[in-house]
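Let us take a walk through a protein model together. Have the picture at hand and follow along as we go from one part to the next.

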2 protein chains.
Amino acid sequence: MGEFELIRNYFAAAPCAQGGEGVALGIGDDCALLAVPPGEQLAVSTDTLVAGVHFPDPCDPFLLGQRSLAVAVSDLAAMGAKPFAFTLALTLPTVTADWLQAYARGLNQMAQACGVALVGGDTTRGPLSLTMTVFGHVPGSQALTRGGAQPGDLLCVGGELGNAAGALALVLGQRHAEPAIAEPLLAHYWSPRPQVALGLALRGKASAAMDISDGLLADCGHIALASGVALQVERDRLPLSNALVAFLGGADATQVALSGGDDYVLLFAVPPSRLPALQAEGWPIHVIGSVLAGQGVTLVDDVGHDITPQIRGYQHFRETP
Amino acid sequence: MGEFELIRNYFAAAPCAQGGEGVALGIGDDCALLAVPPGEQLAVSTDTLVAGVHFPDPCDPFLLGQRSLAVAVSDLAAMGAKPFAFTLALTLPTVTADWLQAYARGLNQMAQACGVALVGGDTTRGPLSLTMTVFGHVPGSQALTRGGAQPGDLLCVGGELGNAAGALALVLGQRHAEPAIAEPLLAHYWSPRPQVALGLALRGKASAAMDISDGLLADCGHIALASGVALQVERDRLPLSNALVAFLGGADATQVALSGGDDYVLLFAVPPSRLPALQAEGWPIHVIGSVLAGQGVTLVDDVGHDITPQIRGYQHFRETP
């Protein structure tokens, strides 16, 4: 038996590969078979992470196991879908038992947290990269797309912004910080928590949603374009963590919250009438701006002045279709 | 707009990305949304191809576009599933318009032949590799697994064996042959035709099925193990193409038919009573052996002598669970 066949058997025996709700047939045949509840649709998303591009190489395989799955599941959360399964295509230059065990531990832990079962995949030799394809289900009419934001809606996010991008200098070892600052930032980078429960709560309530991966303003641009509206972001309403402000100072913290990526926090539009009920349920919702007629994304200061040109690369957010 | 965002837009505009039956929402949001017919299950398979490992680097991108999709869809055929969608995770070291256009042309052509729509994916920078995840649907009770072969069943294949493995020396430029020999062999390597229609015809008739990717004897081993039976292959019943025999001679042609990979022809077991109806429908079915009580795979000659030890790496097929 070749070493890559051994790896396949290793993953097939992992706790997260032992089936679950909706998994009619898991690892070991030509295909997995998934059952979608009657009246619901299957939500699918694929993400590739390449060593040295999307994560440092080398890095801690346990943390990589967590992060690689979390990043992918976040797309299901953004759709209001309930995650239930995933496949893993893993390309490795060499096989070491230590690496594999640590990676699988991180993967298992995140799979359990997200309620997803490993149902298939492929293991090949080559430069380190991972492609996750994740599966969820959602009633078709309640899926949260990017295309439904309406003028008058409030623009909201589901948590603090900029922590992961702020952590990058720590991840790369370019800077150091005391544990009270470094730990929460690094945790956000390596173990993002896909906002699955919030996504389910937003079904039938949010008019548009996505997860923030490219950076707040860039992702606002995606919603503005898909919905055919303008989005106005108020600089002073951005939720910043104490750790981020302590690490970077207020101005740079604001900059990474606006333009840094990897937040994996939900960004959504909601009619004002629906907000109180969501807030009463205790969701961590921060209103950061509003939806207007027009197109593109504008950043304003505390007195409503357009300060978008002060943001690096701002032309990008002014794009027209 | 970055070059990788341009690629994403390029694929989103491709003919094969314009939706199809079962595609409720295609490329462009956080997830695609797929509709599975009531009472059916979703069949999913993931395959990674790495440059220099699974295909020569460099190679013709048009042919790679065809082959990369065909190899993945073959797993759906093996399950008796009807293909309808796929995602593509493409990692590229550099972006050249010529490469991309030729790849997309090959991909489109195979997508059309297989009836699948491109519904999502990811495009990243890194060493060239491709991960395809393909989707089909099948009534749960009719899916063809590897696990149902019964003693007394006939062992069959859906077409000629060894052509793709025989073509490898041509693919790598190590040997040359006249067009009448080279062309059919190279076509089999670069443009395998997933046996989707045969897979659908075998629903409810074959007791076990898979597609031959690792090589006939190795894949027989997978069915034998999953079904808890022994498989006996008769050397003189292997369907060999004239081109393969002319290129390699009879003995080596038999060897690659037994141990070479990449055939992407269906291998299946069927009760003898069900064979005549299938043959009457005109399917290219070749009986190559039989299912027996026991375990493992045996190769026999024309008088029934066990000649398995004459095959390179034969221990592999004698494996016990």
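Before we start, one term: two strands pair if DSSP finds at least two bridges between them. Keep in mind, too, that this is a predicted model.

With that term in hand, look at where the chains meet. Strand β3 of chain A and strand β2 (residues 32-34) of chain B run antiparallel and are joined by 3 bridges. In one of these bridges, Leu42(A) has Leu34(B) as its partner.

Now widen the view to the whole contact, which takes 51 residues from chain A and 50 residues from chain B. The size of an interface is often given as the accessible area lost when the parts come together. Here, the area buried between chain A and chain B is about 3,700 Å², with 56% given by carbon and sulfur atoms. On the chain A side, the residues that lose the most area to chain B are Asp30(A), Cys31(A) and Leu33(A). Charges meet here as well: the rule finds 4 salt bridges across the interface, and Arg146(B) and Asp29(A) meet in a salt bridge at 3.7 Å, N to O.

Next, turn to the open sheet in chain A, where 6 strands follow the order β8-β10-β7-β11-β9-β12 with mixed pairing. Strands β8 and β12 each have a single partner strand, so one side of each is left without a neighbour in the sheet. Within the sheet, β7 and β11 pair in the antiparallel sense over 4 bridges, and Leu154(A) stands opposite Ser290(A). Finally, helix α7 (residues 216-227) lies across the strands of this sheet, running at about 145° to β8(A).

Terms used. Residues are numbered from 1 along each chain as its sequence is written. Chains are lettered from A and ligands numbered from 1 in the order in which they are written. This is a predicted model: local features need pLDDT of at least 70, side-chain atom pairs count only at pLDDT 80 or more; totals for chains, interfaces and linings use all residues. Side-chain values use heavy atoms; hydrogens and water are left out. Helices (H or I, at least four residues) and strands (E, at least two) are DSSP runs, numbered from the N terminus. Contact means heavy atoms within 4.5 Å. Axes are lines fitted to C-alpha atoms, for helices over the stretch in contact, and angles run from 0 to 180 degrees between N-to-C directions. Buried area is the accessible area (1.4 Å probe) that two parts lose on being put together, summed over both. A salt bridge is a side-chain nitrogen of Lys or Arg within 4 Å of a carboxyl oxygen of Asp or Glu.
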